[in-house]
Amino acid sequence: MGAGEKNQTGLDGAPLSVPAHCYAGTTAVRPEFRFDEGALLRWLTAHVAGFQGPLTVEQFKGGQSNPTYQLRTPHKSYVLRRRPPGKLLPGAHDVKREARVLTALHRVQFPVPAVHALCADENIIGTQFYVMELIEGRVFWDATLPQVPDLERAAYFDAMNATLAKLHQVDFEAIHLGDFGKPGNYLLRQIGRLTQQYLADTEAGRDADMDALIEWLPAHAPRHQGSSIVHGDFRCDNLIFHPTKPIVVAVLDWELSTLGDPLADFAYHAIMYRMPPDIVAGLGGADIRALRIPSESDYLAAYCERTGRASIADYNFYLAFNFFRLAAIFHGIKGRVLRGTAVSANASARAQAFPRLSALARGAMQQCQ
């Protein structure tokens, strides 16, 4: 499976109750996301080194946010990500930020696709976009990794753990990302921004669980927070693994990346242990011992050892925050479905999952009290 079979966009995993063919791979470009392919061909020829047509364009089936396309030529294939057309929330869908962080991390050999070119001219295909390499490998949509032999499964989890720990130890100042976000107060800034977006999206409506979290979270955020590059959506289905080995060869979907609290980023990844698998890739209800998957406590300890920590004192708060954060994002998907601007054909299923996520978030909050 190549990177082209995993849409490189944020929060794009489809519910596991949906057959894989419904969200993996490519299809003809959907009518609402078509553009002038001739104009794109002329731009690629002028701006991407070594590019030669003719060009065939297909759209990846998955994806909730930034439309993503596979560009095929007789000699090479590429991936294009663009801002979606239509009404957008302020600051959302910033493909220039994605291209910037990918370029910086690629220079220090962190596993990400290479960016070939960025286009800020909206006259080419209607919105800003960038073009990157297509990486071959495997994507696991199911967090239990059913395709992996039992004796090898722990090594794949360890590879995910090591990759995230490596990201959090990248010197962001040294790779010129010191202004990629505001250091400090990450949690309060995130809670504030998500709250504003939630309240502004009147089409999606209000939710009692979300309203309770909005009141409780700011008063209980840890005062002392570290700062690192954070991915924002680090899950197994946002990774490309080596075709045969437990090695992460590419981390995808950087739309939510910024400078922030690495412990919040790790806890977002770790909520897979509590996440129902029909919402996003999760281990909720799975017999992880029988599957030879590391326990949540062992997984947490491995991350702490790699990053030089004894423990994460406020781990339960970070879990509550991340369930709230994910619920807020799904609330945004619900709004895009109602406005008719959702990218994925599976967006309606995501929107329907929103109240379950907000309830999970409130339950995690209550465990902290």
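In the predicted model, Leu-239 stands opposite Val-251 of strand S9. This pair belongs to an antiparallel arrangement in which strand S8 (residues 239–241) and strand S9 (residues 248–251) are linked over 3 bridges. The two strands, S8 and S9, form a hairpin, with 6 residues between them.

A further set of strands makes up an open sheet. This sheet comprises 6 strands in the order S1-S2-S3-S4-S6-S5, and the pairing is antiparallel. Its edges are formed by strand S1 (26–27) and strand S5 (115–119), each of which pairs on one side only. Within the sheet, strand S2 (residues 56–60) and strand S3 (residues 68–72) run antiparallel and are joined by 4 bridges. Gln-59 has Tyr-69 in S3 as its bridge partner. Helix H1 (residues 37–47) packs on the sheet, where it touches S2, S3, strand S4 (77–82), S5 and strand S6 (129–133). The direction of helix H1 makes about 125° with that of S5. Helix H2 (residues 95–107) also packs on the sheet and touches S4, S5 and S6; the direction of helix H2 makes about 30° with that of S6.

Nonpolar side chains in soluble globular proteins tend to be buried together. The largest nonpolar core of the model contains 92 residues. Those with the most contacts inside this core are Leu-105, Phe-157, Ile-229, Trp-254, Phe-266, Ile-312 and Phe-330. Helix H8 (residues 315–339) contributes the largest share of the core, with 13 residues. Apart from this core lies another, of 20 residues, including Leu-40, Trp-43, Cys-119 and Phe-129. The surroundings of Phe-266 were examined individually: not counting residues up to four places away in sequence, Phe-266 touches Asn-161, Leu-164, His-168, Tyr-299, Leu-300, Tyr-303, Ile-312 and Tyr-315.

Tyr-315 is also a partner of Glu-296, through a side-chain polar contact of 2.7 Å. Glu-296 lies in helix H7 (residues 296–307). Because its relative accessibility is 19%, Glu-296 counts as buried, the cut-off for that class being under 20%. A second polar contact, of 3.1 Å, joins the side chain of Glu-296 to that of Arg-274. With residues up to four places away in sequence left out, Glu-296 touches Ala-270, Tyr-273, Arg-274, Tyr-315 and Leu-319.

Definitions and conventions
Residues numbered from 1 in each chain as written. Predicted model: local features only at pLDDT ≥ 70, side-chain atom pairs only at ≥ 80, totals over all residues. Heavy atoms only, no water. Core = buried A, V, L, I, M, F, W, Y, C linked by side-chain atoms within 4.5 Å. Buried < 20%, exposed > 50% of the residue type's maximum accessible area, 1.4 Å probe, protein only. Contact = heavy atoms within 4.5 Å. Pairing = 2+ DSSP bridges. Axes fitted to C-alpha atoms, helices over the stretch in contact; angles between N-to-C directions. Polar contact = N/O pair within 3.5 Å; in protein donor to acceptor, adjacent residues only side chain to side chain.
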